[in-house]
Amino acid sequence: MPGEDCVGETRSSVIFCKDGVRDLIKILVWGLGKRCDTILGTIDPERCEVTGFVDNDPEKAGGQYKNKRIYSWEEIPDGFDYLLVGVVSYKSILYQLEQAQFPMDRVIVFYDMAYPEKKGYRDFIDWKAWKIAVLEEKLQTLEKYMESGFANIGYEITDKAGKKRYRYPHIADDKELVDKITGERKSFIRFGDGEFEIMRGNERAPFQKMDRELSKRLRDVIRSSDQNILLGIADNYGDLDQYTEETAQGIREYMTEETRAFHLSVLDLDRTYYNAYIFKTYMPYKDKDATAARVALIRRIWDGRDIVLIEGNQTRTGYGNDLFDNAGSVKRILCPTFHAYTKYDEILTSGRRLDKDCLILTVLGPAGKILAYDLVQDGYQVVDIGQVDMDYDWYLSGTGFKVPNPDKYVSQLPPAAVSEIADDVYRDQIICRIE
């Protein structure tokens, strides 16, 4: 920070010292993505010094970028004037900073148009270049929205109007699914974009690399005729009115003609599927007021049951919230958070040691689908619940956007460090660890 001998010391103006030498304003930049060089190009090097960078990704923290140190957010050093957040999806970062009681008057959000309008920042950031960068980002986003929207509009309108121009997979309602799980002891396996992309031979999910054997097995499971298994797919093929605009847009960008064609090549349009989004009770939907009812519905699945979670070792489903308070008991088998399929045989062996009266809940990405299928063949009831806990935590936060949780791996946000926890109740639930 500037010394006491400086005149006119404020965070909204250039700082001059008594001897006429200007002190450089010290800036930390949060974010090392593809836009970082653009952001750095707007900072006046004669008035500012970039003293370092900040990133949540533990793989980057401690390293260097442009000969400057990269800090984790927990170790942001003193001695700077501003933290410049250069991330487009910045709301979760602001939430993170606010929760840590960070001085928000020292934060500048590059991609929030309200900030370039503040005249004080123009003293050390090229206002025109800044505004152009923000407008270009908005224009690129708008172009993507329009391109994907026009490509998908026929499917959405036709489905909404009840026309028969296209054939869509039949997806039954959520209550029917829960009734079958609880009343008929059916098992449930969900397929999302990560699984479909692995079946296509592509990488998508950050926590599971593509594997040819896994790809083949996923194809076998989605075509399974086992009467004890209900299959879930996302309701992404037609009308998207139930979803928030952000969710709908993500669906439109993913569901290209090529993607649709692949989905239909592995699906059976004469089969009844169930909603893969059933465990995402909050974030995808416009109607947030219905979240409590959606949560109450899924909690029926484990009501009074002795459950065993087979999950990643940093997933910690239900930790720190009341999601499983109505279960009879909770036990856990912890597996690798990343690329669990490499340890598949060990995971399956551990699952086969469980009592068959328990309800197994898998939270293990694509590997969890294969595990569920194999355990059902051995007489177990398995429900693939996926990211239910992540979405439930966001519901409890009440923010309306995705926020980080330092105690859990949050796959839908950029990589971040996960804290160790010392909780006896949680530790006592662990019956097996697979490293």
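Is cysteine 36 buried or exposed? In this structure, which is a predicted model, cysteine 36 is buried, because its relative accessible area is 2%, and a residue counts as buried when that value is under 20%.

A disulfide is a covalent bond between the sulfur atoms of two cysteines. What is the distance from the sulfur of cysteine 36 to the closest cysteine sulfur? That closest sulfur belongs to cysteine 48 and lies 14 Å away, which is too far for a bond, because a disulfide requires the two sulfur atoms to be within 2.5 Å. In the structure as a whole, the number of disulfides is zero.

## Threonine 38 in helix H1

Helix H1 covers residues 36–40, and threonine 38 is one of its residues. Threonine 38 counts as partly exposed, because its relative accessibility is 42%.

Which residues does asparagine 56 touch, once residues up to four places away in sequence are left out? They are Trp30, Trp73, Gln96, Pro415, Ala416 and Ala417. With one of these, glutamine 96, asparagine 56 also has a polar contact of 3.0 Å between the two side chains.

## Salt bridges

How many salt bridges does the structure hold? There are 20 salt bridges in the structure, and a few of them are described here. Arginine 47 and aspartate 44 form one, in which the closest N and O atoms are 3.6 Å apart. Both residues are partly exposed, since arginine 47 has a relative accessible area of 26% and aspartate 44 has a relative accessibility of 23%.

Another salt bridge connects the side chains of lysine 68 and glutamate 49, at 4.0 Å from N to O. This pair links distant parts of the chain, for lysine 68 is in strand S6 (residues 68–71) and glutamate 49 is in strand S4, 19 residues apart. Lysine 68 is partly exposed at a relative accessible area of 27%, and glutamate 49 is partly exposed at 29%.

Arginine 200 and glutamate 258 form a further salt bridge, with 3.6 Å between the closest N and O atoms. Here too the pair links distant parts of the chain: arginine 200 lies in the loop between helix H5 (193–199) and helix H6 (212–222), while glutamate 258 lies in helix H8 (residues 257–266), 58 residues apart. The two partners fall into separate classes of accessibility, because arginine 200 is partly exposed at 23%, whereas glutamate 258 is exposed at 57%. Elsewhere, salt bridges that share partners join Lys175, Asp179 and Arg300 into one network.

## Helix H12

Why is helix H12 (residues 388–397) described as largely enclosed by the rest of the structure? The reason is that seven of its 10 residues are buried. These buried residues are Val388, Asp389, Met390, Asp391, Tyr392, Asp393 and Trp394, and the buried residues of H12 pack against helix H9 (291–299). Just after H12 comes glycine 398, which takes a positive phi of about 70°.

## Strand S12 and its two neighbours

Strand S12 (residues 272–275) runs parallel to strand S9 (residues 170–171), and two bridges join them. Within this pairing, isoleucine 171 has tyrosine 273 of S12 as its bridge partner. Strand S12 also pairs with strand S11 (residues 229–233), again in the parallel sense and over two bridges. In that case, the residue of S12 that stands opposite glycine 232 is tyrosine 274.

Definitions and conventions. Residues are numbered from 1 along each chain as its sequence is written. This is a predicted model: local features need pLDDT of at least 70, side-chain atom pairs count only at pLDDT 80 or more; totals for chains, interfaces and linings use all residues. Side-chain values use heavy atoms; hydrogens and water are left out. A polar contact is a pair of N or O atoms within 3.5 Å; within protein, one must be able to donate a hydrogen and the other to accept it, and residues adjacent in sequence count only if both atoms are side-chain atoms. Contact means heavy atoms within 4.5 Å. Buried means under 20% relative accessible area, exposed over 50%, partly exposed in between (1.4 Å probe, protein chains only). Helices (H or I, at least four residues) and strands (E, at least two) are DSSP runs, numbered from the N terminus. Two strands pair if DSSP finds at least two bridges between them.
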